[in-house]
Amino acid sequence: MSRLVLLVAVVALLAGCSTTAGGGSGGSDGVDGSGGSPSPVAAPAAPGVGRGVDALIAAAEKGPDGGSVWPSVIQAPHRQVDRDVGAAGIAAGLLAVAEGSPDAGVRDRARDTARDAADFLVVAQRGAGRFPDYVDPDGPAGYAYSSYDDGAAGVADLLWQVGERTGEQRYRDVALDAAAWLVERAEDVPGAPACPAVCRWAWSDDGAPSYRNGMGEGQAGIVYALSVLGERTGDRRLAQYAAAGGAYLLSQQGPDGGMPERADQPARNTGFLSGAAGAAFTFLRLHQATGEQRWRDGASRALAFLDRTAVPAAGGSTWPIWVDASGVPGNARRATGMEEGAAGIGWVSLQAAELLGDESHRERAEAAGRWLLAVGRPVEGGTAWPEFEGSPITHLSTNSGAAGTGWYLDTLGRVTGDEDFRDAARAAQGWLVATMRPDGTWPSNLTDGRPRLLGEPSWHWGSAGILAFLTRMSGGPVDSPGMQPPLVPLE
């Protein structure tokens, strides 16, 4: 299908959905003039967002000790607490809707439900600041994670945001308890100056320790969270531990600039979730907070590693998921999405261009975008992306799918003014509108065209992230396809 025909089809679909799904002035998803300025790439309303929020509300259960929690389809039957598939991630998506929906009723329902999720998190603690992996009606998990996607770091960041939006100090108090729990769990590193000069964190507080470096499951995400919480609170101790964790990350960085996913694995991951792109993001954050040259240098080395591992394709660039210590691809699959693929690498590169004043980073971002344009698949209503080139799996979500990839292309279109990126972002929006199920939910993915994991509520894999993206496309101010907001405005 030509781009022109595709765009006409998407515009028609969006116009139709604005009427049939309650959109338009005065409808449940309509514009009342109180939201952010319209996105340059989108229709003025986000079709179906109100229905999607109501479906999330309907799927919520009362937590065993209070608040609202959601059964994860992916982690069934558990009621997770985390940012990946749990209550904290769902709350983050609802906060994004509450900040950007043009409909006041949708904003209020989203904000109230985010507060309910935060109430569940407050009572989910088992010990101050310790959040078990899940809290089910028959009891909690016996272990807790330290990381951003899975545990205390991400929950702390979310609860602080809920406290800011609601004005309720109790959420911020628990966020600080979680940060204190992380500080208590910081460990010395053999052969390095004692913590808090250089510190690392085990992923879990149960079993043999695993030391992971990534943004999602490891060191980079913890350092990022401590850095932003230190800045928000003015707590120098949190900033000190963020720097100590950053020092450990620098020690893990190879001479080629690559970052092993774990301390016991020499393989260098390229992406945002577990690799060089996520490490670069954290080093950029530390440089932004402190102005120290060592963090700028760490980010520059990680980004140079991405230039060395880039594979020219379809007029742009793509990346193997990981390479070995000599640079040979160990997983040659070329992922599209935010967490492991070109979208996440491009999103970090855009921020590097702004923070470091180096246009080569924007060129990398545009190259990632051109490849994404080439591998997008025309589908009913718009465009979808395979999980990796040639994959039978097509995700709808922020993690590896149309919501996250479309979100990146939206941002890239805003920064560059390139009409092709804008068209692709709108096409991602169109497909997600077209695939919304009658009950207001989405499948997490299509495998060989068949819907899988129906009704997953989460940010990374389900409704919460999709709703946040659709809100962004109708003028919402939140730009966080990887869950962390950008370090600098990308408009």
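# Helices, strands and links: worked exercises

The axes of α8 and helix α9 (residues 276–290) come within 11 Å of each other and cross at roughly 135°. This is a predicted model, in which local features need pLDDT of at least 70 and side-chain atom pairs count only at pLDDT 80 or more, while totals for chains, interfaces and linings use all residues. Residues are numbered from 1 along each chain as its sequence is written, and side-chain values use heavy atoms, with hydrogens and water left out.

## Exercise 1

Classify the orientation of α8 and α9, then list the residues that meet.

Step 1. Helices (H or I, at least four residues) and strands (E, at least two) are DSSP runs, numbered from the N terminus. Axes are lines fitted to C-alpha atoms, for helices over the stretch in contact, and angles run from 0 to 180 degrees between N-to-C directions.

Step 2. Angles under 35 degrees count as roughly parallel, over 145 as roughly antiparallel, 65 to 115 as roughly perpendicular and the rest as oblique. The crossing angle is roughly 135°, and α8 and α9 are therefore oblique to each other.

Step 3. The crossing of α8 and α9 is left-handed (the near helix is turned anticlockwise from the far one by less than a right angle; clockwise would be right-handed).

Step 4. On the α8 side, the contact (heavy atoms within 4.5 Å) involves Ala 242, Gly 246, Leu 249 and Leu 250. On the α9 side, Thr 282, Phe 283 and Leu 286 take part.

Step 5. By class, these are five nonpolar, two polar and no charged residues. Ala, Val, Leu, Ile, Met, Phe, Trp, Tyr, Cys and Pro count as nonpolar, Asp, Glu, Lys and Arg as charged, and the others, Gly among them, as polar.

## Exercise 2

Describe how α7 and α8 cross and which classes of residue make the contact.

Step 1. The axes of helix α7 (residues 219–233) and helix α8 (residues 236–252) come within 8 Å and cross at roughly 155°.

Step 2. The two helices α7 and α8 are therefore roughly antiparallel, and their crossing is left-handed.

Step 3. Among the contact residues of α7 are Val 223, Leu 226 and Gly 230; those of α8 include Tyr 241, Gly 245 and Tyr 248.

Step 4. The contact of α7 with α8 divides into ten nonpolar, six polar and no charged residues.

## Exercise 3

Carry out the analysis for α5 and α6.

Step 1. Helix α5 (residues 152–166) and helix α6 (residues 169–185) have axes that come within 7 Å and cross at roughly 160°. That makes α5 roughly antiparallel to α6.

Step 2. The crossing of α5 and α6 is left-handed.

Step 3. Trp 160 and Glu 164 are among the residues of α5 that take part, and Arg 172 and Trp 181 are among those of α6. By class, the contact has 14 nonpolar, two polar and two charged residues.

## Exercise 4

Work out the strand order of the open sheet of three strands and describe its hairpin.

Step 1. The order is β13-β14-β15, with antiparallel pairing (two strands pair if DSSP finds at least two bridges between them). The edge strands, each pairing on one side only, are β13 (393–395) and β15 (450–454).

Step 2. Neighbouring strands of this sheet are turned by 30° against each other on average, direction ignored.

Step 3. β13 and strand β14 (residues 443–447) pair over three bridges, and His 395 stands opposite Asn 445 in β14.

Step 4. β14 and β15 pair over four bridges, with Thr 447 opposite Arg 450 in β15.

Step 5. The hairpin of β14 and β15 has two residues between the strands. Asp 448 lies in this loop and has a positive phi of about 50° although it is not a glycine.

## Exercise 5

Locate the disulfide and the cis peptide bonds at Pro 196 and Pro 77.

Step 1. The structure holds one disulfide (a pair of cysteine sulfur atoms within 2.5 Å). The disulfide joins Cys 195 to Cys 199, with S to S 2.0 Å.

Step 2. The link of Cys 195 and Cys 199 is right-handed, with 95° about the S-S bond.

Step 3. Cys 195 is also joined to Pro 196 by a cis peptide bond, with omega about 20°. Pro 196 lies in the loop between α6 and α7.

Step 4. The peptide bond from Ala 76 to Pro 77 is cis, with omega near 5°. Pro 77 is in the loop between β2 (68–69) and α3 (87–100).
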